Amino acid sequence: MNKIKLLALDLDGTTLTSKNTLTPAVKSALEKAIENGIIIAIATGRPLGTMPQSILDIEGIDYLITSNGAAIYDRHGKKIYSATLKENDVLKILDVMKDEDIISEAFVDGLTYTDKRYSDNPLAYGCTEAYIDYVKASHGHIEDMRKFIFDHKHELDSIEYISTDPQTRKRIWTMLENAVEDIFITTSSEHFIELMDKSATKASALSHLANILGIDMQNTCACGNADNDADMIAESGFGAAVDDASKKCIECADFVVPDSDNDGVAVLIDYILSNC
């Protein structure tokens, strides 16, 4: 294995437990990696404004890949890369969705704006108990999300549609995929359909960050658990997945570690430090 200089870690279901917490073992491992000169980048579907304080408090986590790769920030909140949705593609998305009554969210400049129906009652739309506060902490609770998306069509990092019905998700995914060529569609959680610009993936953001830092992609490692992590796992020099990850992630991984409730990221870091 090549020497790992840059480690990109998904948050939910990978670095954070199913209860949305950071374990002492993983925190200690992150600090140990930083002490050994490894640059840590968080690579998450979350926008900047929802980054957990437990992560921000770790000195040495200097880069945050957010909104599935649509933006990269340094630890001071300075945006160093952006790939927002194109206005024309947003209009196409709205046209496809014009007859759909479905929960949606939009990410703008690191902040979450969510359908008020969702933030009023997250459990009714598939949110787990551990993430109720996360949903309720959205920056904006919007009555008319369609109008909000239209009004902000020039500055959207991401649009998310949320449904607990798999047939609805499949139908909408297919319609969007067929109608809007220049978007990237993925999912980080069972009930989500997440839309970004075609250039906004975790893999492309990791490559961009590696280039900024003068690090070859062969000297990167990426770890995740969901389909939105698969591309960066595949394209990093050493790809890892937690053992309860999606099939797509597991297929892309060189190495499988325990799940987030069993300190998988700590196991990965110990392996890296012992083998490179």
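Phe107 sits in strand β6, which spans residues 103-108, in what is a predicted model. With a relative accessibility of 2%, Phe107 counts as buried, because the cut-off for that class is under 20%. Leaving out residues up to four places away in sequence, Phe107 touches Gly45, Pro47, Ser67 and Thr112 as well as Glu155, Leu156, Asp157, Ser158 and Glu160.

Apart from neighbours within four places in sequence, the contacts of Ser104 are Thr114, Asp115, Met145, Ile149, Glu160 and Tyr161.

A helix pair is the next topic. Two packed helices are described by the angle between their axes and by the distance between those axes. Helix α1 covers residues 24-35 and helix α11 covers residues 264-275; their axes lie 8 Å apart at an angle of about 30°. Angles under 35 degrees count as roughly parallel, so α1 and α11 are roughly parallel to each other. Their crossing is left-handed. On the α1 side the contact is made by Ala25, Val26, Ala29, Leu30, Lys32 and Ala33, and on the α11 side by Val265, Ala266, Ile269, Asp270 and Leu273. By class, the residues of this contact are nine nonpolar and two charged, with no polar ones.

For the whole protein chain, the secondary structure comprises 11 helices and 14 strands. The radius of gyration is 18 Å, close to the 19 Å given by the globule rule for 276 residues, so the chain is as compact as a globular protein of that length. Along the principal axes, the C-alpha atoms fill a box of roughly 55 × 35 × 35 Å. Among contacts in the chain with a separation of 6 or more, 60% are between residues 24 or more positions apart.

Note on methods
Residues numbered from 1 in each chain as written. Predicted model: local features only at pLDDT ≥ 70, side-chain atom pairs only at ≥ 80, totals over all residues. Heavy atoms only, no water. Helix = DSSP H or I, 4+ residues; strand = E, 2+ residues; numbered from the N terminus. Buried < 20%, exposed > 50% of the residue type's maximum accessible area, 1.4 Å probe, protein only. Contact = heavy atoms within 4.5 Å. Axes fitted to C-alpha atoms, helices over the stretch in contact; angles between N-to-C directions. Parallel < 35°, antiparallel > 145°, perpendicular 65-115°, else oblique. Left-handed = near helix turned anticlockwise from the far one by under 90°. Nonpolar A, V, L, I, M, F, W, Y, C, P; charged D, E, K, R; others polar. Rg over C-alpha atoms; globule rule 2.2 N^0.38 Å.
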